[in-house]
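Take a look at the sequence and the fold, then read on.

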Amino acid sequence: MKEGIAYAIMGLGYGGFYALMAIGIVIAYKGSGVINFAHGAIAMYVAFQFSYLRSEGTFRFPWLDPIPTSFLNLPVTLSLSNGEPINFWIAVLLSLFTALILGAAIHYLVFKPLRNAAPLGKVIGAIGVMTYLLGVGSKHFGSNQPQPDGVLFPDKLLKNFLGLGLGVSAEALALAGVSIIAGAVVWFIYKYSRIGLATRAAAGNEKGAVLLGYSPDRLALFNWLLAAFLAGLVGILTGTVTGALGTGKFTGLIVPALGGALIGSMSSIPLAVLGGLLIGSLQTFVGTYVSGLSWFPAWLYSGARDSIPLVVIVALLFLRGKSLPIRGNIEEKRLPLAPYPKRIGKYVAIFVPLGFLLSAGFPGDFLFAGLNGRWGMALTTSLIAGMFGLSFVLLSGYVGQISLVQISLAGIAAFLTARLMSHYGPSDSNPFAVGGLHLPWPVAMVAGVAVATVVGLILAVPALRIRGVQLTVVTIAASISLYSFYFDNPKLTSLQGGSSYIIQPPTFFGIKFGSTGSQGLTDNPKFALFCLIVLAGLSVILANLRRGSSGRRFLAVRANERAAASAGVNVAKTKFLAFGIASAMAGVAGVAGAFQAGSTSAPMWDYGVGLSALAFCYLGGITSINGAILGGMIAGGGMVATFGNFHSPGLYSYIPIFGGMGMILTAIIHPAGQASIFQPLMRHFGSWLLTARGKEWGVVLRRLAPYLIGGGIWGAIGINPWRTDTYNRTWMIILGILIVLFVRNIVVQVKAAKAANALPDTNSLQEVTA
Amino acid sequence: MSESLLKITNLNAGYGGIAVVRDLSIHVNPGEVVALLGPNGAGKTTTLLTISGLLKPIAGDIQLLGSSTTGDRPEKISRRGLAHVAEDRSLFFDLTVQENLRLGLTGNRETRSKSQENALDMFPALRPLLSRRAGLLSGGEQQMLAMARGLASEPKMLLVDEMSLGLAPIIVERMLPIVRRIADDTGAGVLMVEQHVGLALAVADRGYVLAHGELTMEGSAQQLRDNQSLLEASYLGGEAH
């Protein structure tokens with residue numbers, strides 16, 4: 001036991017790290033009601049900045065040069081000392097300065113415009129910032145994983161600490177000490193300073209604060225600067241405590257920190273510090289000491305450490321049953337309306353054959369020649385992402401439950417299906433193969449999806465009592481612990497050394513319709529047809545749900561749970577229904593994804609993948625079926641990304657950056673997503689193909705002709721000098737037309753929004769008329 | 001000091017571009033208590049929200065202390081010397097009474113403690129409650145705190161919205177005279193929205209009656225009291241027929 005206590009004390013290093021982050025998270029929540037998922041990413045950026053300043057004296061601005069030209073370049077990297085390490089204190093100052101810039105930018109560019117947005121919009125804003133910083137971080141600092149030097153008492157080991165027999169590093173204790181001091185200072189600010197008091201006041205009743213002459217924007221700015229400063233402090237002080245720096249790893253440390261902040265109910269600084277220290281200490285105690293005891297089950301070993309925050313968070317939120325302090329905002333926008341789906345049959349009748357035609361391709365034709373190759377793969381990727389998006393539409397768009405665990409449910413279904421379908425165990429040709437029951441794919445798929453549904457329903461239990469952003473926190477924690485508990489746990493999956501399950505191509509009455517491999521980036525049109533049919537089926541189910549009485553119950557629960565309950569809606573049943581169906585949809589998407597890849601392994605189901613899927617679905621439009629499908633089209637590896645990649649091969653690494661900026665912009669300008677921009681187009685497109693009349697085409701063409709011609713000309717001559725790729729100039733004409741039409745569309749939307757600006761909820765009103 | 005503290009001319013105000021209040025012109029002089037009366041939905045609260053900047057006026061002009069407030073943010077208008085005791089009281093429930101008051105104070109250390117004393121002198125019942133959280137106060141105590149907090153900023157112009165909402169008549173009878181005292185002692189102008197017409201006219205100097213967003217009557221408190229039947233008509237809509 002003495003050893004155990006020593007390990008618990010060692011864990012205080014991590015604990016101090018979590019506690020410092022938790023303080024920053026609480027501050028951001030007080031200041032602007034945002035659960036700042038990007039807090040870890042800010043710390044990450046500053047940690048790298050500091051490390052690079054100390055190793056090679058370069059300062060990197062948190063942005064990129066977005067225009068790939070040889071002129072008009074933004075400065076990105078400043079070399080301050082010709083590759084020599086820079087003075088320690090100057091490095092500290094510059095790093096903290098970076099943090100402050102980030103804080104101010106986040107306030108002015110993201111959360112000030114989102115101040116009155118619906119909670120989902122703020123969550124997306126925070127995820128957008130995180131995605132952006134992750135993208136910029138990996139672009140700037142690459143895959144380098146430097147090991148930073150200790151800052152506080154480096155290399156000092158307190159041998160046989162307190163007579164417990166083990167050495168504890170002074171750095172860990174110092175970090176814990178710093179977190180306590182920082183907590184005390186921040187607590188003092190909130191308790192006694194006027195600006196601190198005003199922050200607490202505005203968090204409780206913004207109107208009251210405004211009427212007394214306090215500017216909520218200025219208060220929010222102060223708090224963002226304070227929060228970013230603390231994140232910067234974390235980045236500088238982390239030293240050797242968290243090991244080598246990694247962009248993704250550092251960002252993921254937000255979850256235990258959120259646990260600490262939640263222990264403090266997002267409002268108490270001392271409790272948040274205590275919570276952070278406790279979680280860090282418990283993690284090391286359980287992960288290093290308890291899991292080494294003889295009675296500890298081996299299958300638990302892998303996930304024990306990462307599950308601690310989840311257990312603490314769920315226990316706390318669920319048992320205490322007290323909600324987080326809700327901000328008393330002057331006005332809060334609601335989620336955009338979920339449009340009533342119409343003419344579903346027609347959609348299916350048109351788009352399924354159309355998709356199949358596209359994927360089958362026209363032989364030899366120059367336009368579609370590529371479709372059997374990478375375009376086929378892109379199409380199926382988009383379709384699968386669309387299926388996955390539908391689960392978000394149901395859960396977040398219709399019922400208002402922001403769940404980030406869907407990716408794990410997809411993974412569970414895929415893993416089980418793969419396991420049930422597989423036949424032979426390890427052999428000479430594949431020593432890592434895992435044997436199974438060799439069931440036919442439909443049976444295996446149904447079983448896999450059923451288990452995913454059950455897991456989804458179990459995870460829905462907390463949702464009965466936990467709402468809004470808290471549910472987001474719980475589900476992200478669940479997703480992370482499921483990853484290390486199941487997907488990355490060889491004891492449960494029998495996958496040795498990060499290998500993957502191999503999936504035999506599924507057949508239908510002897511016809512193999514499996515995807516034809518991801519390596520050559522080709523895809524089987526039959527598999528595209530399978531995906532089209534499944535996506536259409538799921539869309540029809542979702543549309544019918546929305547149109548029926550369940551749909552009305554969903555929307556009632558989304559609008560106001562209490563009011564729904566008082567109108568006779570069984571809220572618990574409705575939520576369970578939504579979680580169950582959404583889990584099944586995620587499961588189906590997971591299985592389809594595994595079919596496409598021909599194999600499945602843990603990294604496919606990482607929480608980051610789920611975050612970007614949610615983000616793209618939101619970009620597409622989270623409250624409509626079209627939105628999910630459009631989201632699939634713009635998802636990573638989907639049609640739009642492949643189109644872009646086709647034209648500029650380096651574009652791939654920019655996707656997170658533009659994705660993040662896109663999310664933020666969508667949340668601010670157009671919460672209904674891109675789908676509502678394309679809604680009129682989509683709505684008429686189907687009918688036109690059936691009943692196209694020359695006259696109607698004529699009218700549209702006449703209206704758009706100037707843009708088509710202008711865009712084409714600009715594309716032919718205007719884009720060229722800006723390009724760095726080597727693709728055919730003919731494509732530039734199409735690109736020019738598309739860009740011009742896109743800009744025109746946005747201008748039209750903004751004008752319409754301005755005309756309706758006086759009305760309180762312009763976006764939903766447009767939705768009605770669209 | 002013949003200049004009006006607050007002068008509203010031809011104000012149109014409302015929500016989403018749709019005017020609830022139309023063509024309203026009122027003014028308040030220093031040291032004067034003015035009652036804004038009218039039935040539910042007449043636009044009284046809308047008028048006050050527009051004066052303090054929480055709503056943007058659709059048309060017309062609002063002059064506070066001789067200069068226009070058009071386009072100013074509410075916090076800036078407030079710092080110019082306007083205090084608004086809102087209908088929902090807008091208290092900070094998680095903060096103590098003392099902290100609530102402190103947030104209202106302005107100026108340097110000396111003037112701050114003086115104005116807190118003055119505010120507490122008006123509402124001595126708050127003194128024993130200073131360290132209690134505002135959320136734990138009774139309705140009457142909350143209203144006193146809201147008034148005291150408004151006073152603590154030493155406003156030149158005070159807006160009071162339905163002080164009597166949800167309070168026992170006996171408390172209202174005690175609170176309304178305090179409004180009178182504020183105007184007399186500090187020389188501030190008071191514009192108050194009130195449903196207790198009789199009580200309001202007993203302390204007010206003048207009154208305006210709104211119905212369906214339009215000014216239907218105005219005059220001294222005495223005149224309005226004497227015209228009881230007309231007043232009733234504008235409440236019940238009898239005049240419209």
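Which residue of S9(B) does B:Ala35 stand opposite? B:Ala35 stands opposite B:Gly207. The model is predicted: local features need pLDDT of at least 70, side-chain atom pairs count only at pLDDT 80 or more, and totals for chains, interfaces and linings use all residues. Residues are numbered from 1 along each chain as its sequence is written, while chains are lettered from A and ligands numbered from 1 in the order in which they are written.

**Chain A overall**

- Chain A holds 31 helices and 8 strands. Helices (H or I, at least four residues) and strands (E, at least two) are DSSP runs, numbered from the N terminus.
- Of its 770 residues, 51% count as buried. A residue is buried if 20 or more other C-beta atoms lie within 10 Å of its own, exposed if 12 or fewer, and partly exposed in between, with C-beta atoms placed from the backbone.
- Take the contacts in chain A between residues at least 6 apart in sequence: 78% of them join residues at least 24 apart. Two residues are in contact if their C-beta atoms, placed from the backbone, lie within 7 Å.
- The domain assignment gives chain A domain 1 (2-67 + 74-320), domain 2 (344-692) and domain 3 (693-770). Such bounds come from an automatic or database domain assignment.
- The centres of domain 1 and domain 3 of chain A, taken over C-alpha atoms, are 43 Å apart.

**Helices of chain A**

- Helix H9 (residues 216-237) of chain A has 22 residues. From first C-alpha to last, H9(A) reaches 31 Å, close to the 32 Å expected at 1.5 Å a residue. The expected span is 1.5 Å times one less than the number of residues.
- H9(A) is mostly covered, with 19 of its 22 residues buried.
- After H9(A) comes A:Gly239, with a positive phi near 50 degrees.
- Helix H16 (residues 406-421) of chain A has 16 residues and reaches 23 Å, close to the expected 22 Å.
- 16 of the 16 residues of H16(A) are buried, so this helix is largely enclosed by the rest of the structure.

**Two residues of chain A**

- A:Ile124 lies in helix H5 (residues 119-141) of chain A. It is buried, because 29 other C-beta atoms lie within 10 Å.
- Leaving aside neighbours within four places in sequence, A:Ile124 is in contact with A:Ala615, A:Tyr618, A:Met663 and A:Ala667.
- A:Ile124 and A:Thr666 are 542 residues apart in sequence, yet 9.1 Å apart in space, C-alpha to C-alpha.
- A:Ala244 sits in the loop between H9 and helix H10 (247-252) of chain A. Is A:Ala244 buried or exposed? It is exposed, because 12 other C-beta atoms lie within 10 Å.
- Not counting residues up to four places away in sequence, A:Ala244 touches A:Gln145, A:Pro146 and A:Gln147.
- A:Ala244 and A:Ile23 are 221 residues apart in sequence and 23 Å apart in space, C-alpha to C-alpha.

**The antiparallel sheet of chain B**

- An open sheet of 4 strands in chain B runs in the order S2-S1-S4-S5, with antiparallel pairing. Two strands pair if DSSP finds at least two bridges between them.
- Its edge strands are S2 (18-28) and S5 (67-68) of chain B, each pairing on one side only.
- Strand S1 (residues 6-15) of chain B runs antiparallel to S2(B), joined by 7 bridges. In S2(B), B:Val28 is the bridge partner of B:Leu6.

- Strand S3 (residues 33-37) of chain B is mostly covered: 5 of its 5 residues are buried.
- In a regular strand the side chains alternate between the two faces of the sheet.
- B:Val33, B:Ala35 and B:Leu37 point one way from S3(B), B:Val34 and B:Leu36 the other way, and all are buried.
- S3(B) runs parallel to strand S8 (residues 189-193) of chain B, with 4 bridges between them. The bridge partner of B:Leu36 in S8(B) is B:Val193.
- S3(B) also pairs in the parallel sense with strand S9 (residues 206-211) of chain B, over 4 bridges.

**Where the chains meet**

- The contact takes 22 residues from chain B and 17 residues from chain A.
- On the side of chain B that touches chain A, helix H2 (74-79) and helix H3 (97-104) of chain B are the elements that give two or more residues.
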